Amino acid sequence: MSEQRQTDVAETDESTSEKLVELAKRRGYFFQSSGAYGGVGGFYTFGPQGAALKGNVEDAWRDRFAVAEGNMEIDAPTIMPEPVFEASGHLDGFDDMLVECPECGESHRADHVVEDNTEYEDAESLPIPEVEDVIAEYELVCPSCDAGLAGQAVEAFNLMFATNIGPGDSDPGYLRPETAQGIFVEFPRLKEYARNQLPFGVTQIGRAYRNEISPRRSIIRTREFTQAELEYFVDPEEDEPPLERVEDVEVTLYPASEQNAEDGDEVRTTIGDAVDDGVIGSPWVAYFLGVAKPWYDAVGVDMDRFRFRQHLSGERAHYAADCWDAESEIDGNWIEMAGFAYRSDYDLSKHEEHSDDRFTIFKQYDEPQTVERAVVDPDMSYLGPEFGGDAQAVVQKLEELASRDRAAFDGETVEIVLEGESHELPVEKTGFAVEEQTEAGEHITPHVVEPSFGVDRLVYTVLHHAYSEDEVAGEERTYLDLDPEVAPTFVGVFPLQSDDELEAEARDIAAALRAEGLAVTYDDSGNIGRRYRRQDEVGTPFCVTVDYETVEADERSVTVRERDSTDQKRLPIDDLPETLSALRTGELEFEEL
RNA sequence: GCGCGGAUGGUCUAGUGGUAGGACCUGAGCCUUCCAAGCUCAUGGCCCGGGUUCAAAUCCCGGUCCGCGCACCA
């Protein structure tokens, strides 16, 4: 269907965006929240049409990335306690340090001021008091007006919304800045549910919150938004993606090498070739790019305005081996709609470190392995009196030494170094032994592949790419050529004109189609042309009109009008529910009627 | 957070120091046998708070929100 998609948008892209935002307000797609109270920045309400469209897009995502891939979906809370974000790094990493100039009042990123004027390279990782000290020590000045910044307070601005769990402030919590943590945190239980078998995937569709300094461009960058994320857990040594399913998928790639090149350009290739040529480093990332591309096409993203862009080394997190964004073109700008990252074991290791639970999977060997292992079992009745409070540290040193260098225990005595001081102790008191142990497997930390979709940006793209203008019978027309699968209203039902008999018949048909599970709107106001245009503007794919032939002829029939072509066909009423359902799923094309 | 520009019915807009018009939309009616037609009538507005002034939607200050640039984009 997309190859016929019209991109004959008149005038400039920018005015398309303006017209779309205006249409969205007027027709109930989306609009600014709390308008009655002056509005609030970065929050949008999806109106009746927008909520339905968004819901349909989410359903389509669920069908593809959860159901069709055999993954499980969860629904975690949006508020989680502070330790979760200490582990995830959001508490520190999400901080911006701001320092305000006492003269001109401008705020600057304190870490940037430091990095630009000293030899410090990673000022963001310094504690705030230290940044203040550095500013004083180097007598750094305001980049705008050269006034001295020494002595000015450096303020932390965290992009997470903070709250308190329960009364008082002893139990801080945060609104999640991404849905992913809700999955990672529950990994210990989810792995049980997956019967400890890798690979498995967990999806979540939900809200995330970021207290953006500067929300922009309507629903493109908001403070509350919806993500659809998949965390796919794999055994890095054994699991491989079923690339054969997607190897022929054609994609437009914009690799880092091309972005860095003088005359770099996008590359058209297939998933299979991109993996073979090493353009996409991670086969897992490649697989999900291959799944995502046809899906984006199906929900209505214009493939001529779509690409996958590789992250440059500078914008990639240090733990991410390879990362690609799905981007769509809006107003001549490319906006990020999804990120596909190979995150290694970073997230699970962090939670393993910070929590009491195990974020590993027990991986059984093909054959149990017998290994020799050097162990110690120190005589604490000797070590205790000898070393006092350091006894535990001595035990730890002995354990380390045994596993590292068992030859050290060959003599009568063994030497350990404790806080720079050397100690000798009799080997017989260490309980040193080499034991044979049988191991059935090992605990491994799975790696995770993360396709992370921004639902709001996708909805915006779908609307923007669907926005079309043409002429019908000499009259200008605006319509959204939304795919029937995601269109908020699927069919409009009208009486041809004011007439009790026609209206009654049309209402009956509308009720029958609703009973079929279709999204139906009934309209009998104004003339028929006006009603068609109304539905065109919200993107309703089909309209059914009851005329005098319907109520007078022997075989009762109605006209069905298609939105994009405005063509009409006559159909028997009895066939309507079945035919329209088939049109919705794409089993049937309008031309075939 | 800074800078620049903006804010008038649901939407788009005109406007002057003397409390507001238009178009579209919407509703009622007439007309109408398939594409925003016509006619009649109707609903509905100066972002918020201060200040100047006899008088402020208009001028000034502050705030909120929107757009753009800077910065930021986990």
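**Ground rules.** The model is predicted, so I took local features only at pLDDT of at least 70 and side-chain atom pairs only at pLDDT 80 or more, while totals for chains, interfaces and linings use all residues.

**Entry 1: RNA strand B.** I looked up what surrounds the RNA. I count a residue as near if one of its heavy atoms lies within 4 Å of the strand. The surroundings of RNA strand B come to 45 residues. Glu22, His112, Arg210, Tyr532 and Arg534 are the closest. By class I find 18 charged, 18 polar and nine nonpolar residues. Here Asp, Glu, Lys and Arg are charged; Ala, Val, Leu, Ile, Met, Phe, Trp, Tyr, Cys and Pro are nonpolar; the others, Gly among them, are polar. On the RNA side, sugar or phosphate accounts for 52% of the atoms within 4 Å of the protein, and bases for the rest.

**Entry 2: polar contacts.** I searched for pairs of N or O atoms within 3.5 Å. Arg534 places a polar side-chain atom 2.3 Å from a phosphate oxygen of RNA strand B. For Arg530, the distance from a side-chain N or O atom to a phosphate oxygen is 2.8 Å. Thr559 reaches a base nitrogen instead, at 2.7 Å from a side-chain N or O atom.

**Entry 3: which elements supply the surface.** I use DSSP runs numbered from the N terminus: helices (H or I, at least four residues) and strands (E, at least two). α17 (528-538) gives the largest share of the surface near RNA strand B, six residues. Other elements with at least two residues there include α1 (13-27) and β27 (557-562).

Entry 4: I call two strands paired if DSSP finds at least two bridges between them. Five strands form an open sheet, ordered β25-β24-β26-β27-β28, with mixed pairing. β25 (520-522) and β28 (568-572) are the edge strands, each pairing on one side only. β24 (491-495) and β26 (542-546) run parallel, joined by five bridges. Gly492 has Cys543 as its bridge partner in β26. α17 lies across β24, β25, β26, β27 and β28, at about 170° to β24. Contact means heavy atoms within 4.5 Å. Axes are lines fitted to C-alpha atoms, for helices over the stretch in contact, with angles from 0 to 180 degrees between N-to-C directions.

**Entry 5: a three-strand sheet.** I also checked the open, antiparallel sheet β4-β9-β8. β4 (79-81) and β8 (162-164) each have a single partner strand, so one side of each lacks a neighbour in the sheet.

Conventions
Residues numbered from 1 in each chain as written. Chains lettered and ligands numbered in written order. Heavy atoms only, no water. Polar contact = N/O pair within 3.5 Å; in protein donor to acceptor, adjacent residues only side chain to side chain.
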